[in-house]
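This report goes through some strands, helices and charged pairs of one protein model. Please keep the sequence and the 3D view at hand while reading.

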Amino acid sequence: MDVTFLGGPGPQRGVGVVAPFDFALDRELWRWTPDEVSLHVTRTPYVPVEVSLDLARMISEHETLRNAVGTLTEVTPEAVAYACTSGSFVGGVMGERAMCEAMSRAGSVPAVTTSGALLEALVELDVRRLALVTPYTVSVTRALEEYVAQAGVEVTGCAYMGLTRQIWKVTYRQVADMARRAAVCGRLGTADALFLSCTNLPTYDVIPQLEAELRIPVISANQVTMWAALRRLGTRAVGPYQALIDTSARTGTGAGSTLPGPAAGSVLPAAGPVVPTGSVLPEGQEPPGVRGVHGVSDAQGVPGAQGVSGAPDEKQQEGWT
């Protein structure tokens, strides 16, 4: 069949993506990407360190970022994005801005990071009170809370998983259960929105379902990264029934706002503990040696989190604050 009349593929626009060496969700980034845009993904060099603040610092060094962006220059992306939440909040708000500047200079194009995109999304949705879900350990989760606080946003509740590796293997059911704990069990009242942290945490399909149940915007690391990067191109991310991306899914955001209830036939995993042995301690009680954490359990079936309840090693802890 003669197809010469088609004239070849349409013009291509590109976004360069710098991801950590252990990033495993390339396919999820593509789901937010419109047809005319290609993603050009490169990774930081491997280092034998588990997910931690030390790793976050290593994979966000300016020389590492400049070298990574340099590998993308030949394909001439119109913007570059650093797709890592912890790596972009570990230095605080000022550190994140410095990272963007280093990448932008290296590639001579606009640059965004996941954590910077998070703050943009909070402004877009007029969010002042935020609930958090993270797969991280206590120390990494605390650093995210501090980053958000630096931007003037109050954290109402935070659920974390205590994982140090293979975060991409977390299931949607686990994400949904943690989201409920963070949004409903928050100690400081109702949140304006919920953030699902970590670009290695799968979130695309669960976002609209959680928004329908929780009646607040739900945003995730990969979602905000692509939303912000594509805005630099003057185009929009693809994400039906996601409040950040689809304005028709909003009925008002900010303090006291709600989203429409569940659509007919929509199904979320049933509410329950994140893992079979999970528990929530009574208000005011905390496990020994863990400040501000309510609930510790075995993370059975989740690689990197085979902890024993009450164990002192932070990578074995999971709970909510």
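Is Arg57 buried or exposed, or does Arg57 count as partly exposed? At 44% relative accessibility, Arg57 counts as partly exposed. Here buried means under 20% relative accessible area, exposed means over 50%, and partly exposed lies in between, with a 1.4 Å probe and protein chains only.

## Basis of the report

The model is predicted, so local features need pLDDT of at least 70 and side-chain atom pairs count only at pLDDT 80 or more, while totals for chains, interfaces and linings use all residues. Residues are numbered from 1 along each chain as its sequence is written, and side-chain values use heavy atoms, with hydrogens and water left out.

## The four-stranded sheet

Four strands form an open sheet in the order S2-S1-S3-S4, and their pairing is parallel. Strands (E, at least two residues) and helices (H or I, at least four) are DSSP runs numbered from the N terminus. Two strands pair if DSSP finds at least two bridges between them. Strand S2 (37–43) and strand S4 (111–113) are the edges; each has a single partner strand, so one side of each has no neighbour in the sheet. From one strand to the next, the twist averages 20 degrees.

Strand S3 (residues 79–82) and S4 run parallel and are joined by 3 bridges. In this pair, Ala81 stands opposite Val112 in S4. Helix H5 (residues 92–107) packs on the sheet and touches S3 and S4, where contact means heavy atoms within 4.5 Å. The direction of H5 makes about 145 degrees with that of S4. Axes are lines fitted to C-alpha atoms, for helices over the stretch in contact, and angles run from 0 to 180 degrees between N-to-C directions.

How many of the 6 residues of strand S5 (residues 129–134) are buried? The number is 5, so S5 is largely enclosed by the rest of the structure.

S5 pairs with strand S6 (residues 154–160) in the parallel sense over 6 bridges. Arg129 has Glu154 as its bridge partner in S6. Between S5 and S6 the chain passes through helix H7 (residues 138–150), and this β-α-β crossover is right-handed. That term means that, with the strands pointing away from the viewer, the path from the first strand over the helix to the second runs clockwise. S5 also pairs with strand S7 (residues 193–196), in the parallel sense over 4 bridges; there, Leu130 has Ala193 as its bridge partner.

## Salt bridges

Side chains of opposite charge can pair when their charged atoms come close. The structure holds 14 salt bridges, each being a side-chain nitrogen of Lys or Arg within 4 Å of a carboxyl oxygen of Asp or Glu. One of them joins Arg13 and Glu78, with the closest N and O atoms 2.7 Å apart. This pair links distant parts of the chain: Arg13 lies in strand S1 (residues 13–19) and Glu78 in the loop between helix H3 (62–70) and S3, 65 residues apart. Arg13 is partly exposed at 26%, and Glu78 is partly exposed at 32%.

Arg57 forms a salt bridge with Asp54, the closest N and O atoms being 3.4 Å apart. Both lie in helix H2 (residues 53–58), and because they are 3 residues apart, about one helical turn separates them. Glu120 in helix H6 (residues 114–124) and Arg231 in helix H10 (residues 221–232) tie together parts that are 111 residues apart in sequence. A network of salt bridges links Glu120, Glu124, Arg231, Arg232 and Arg250.
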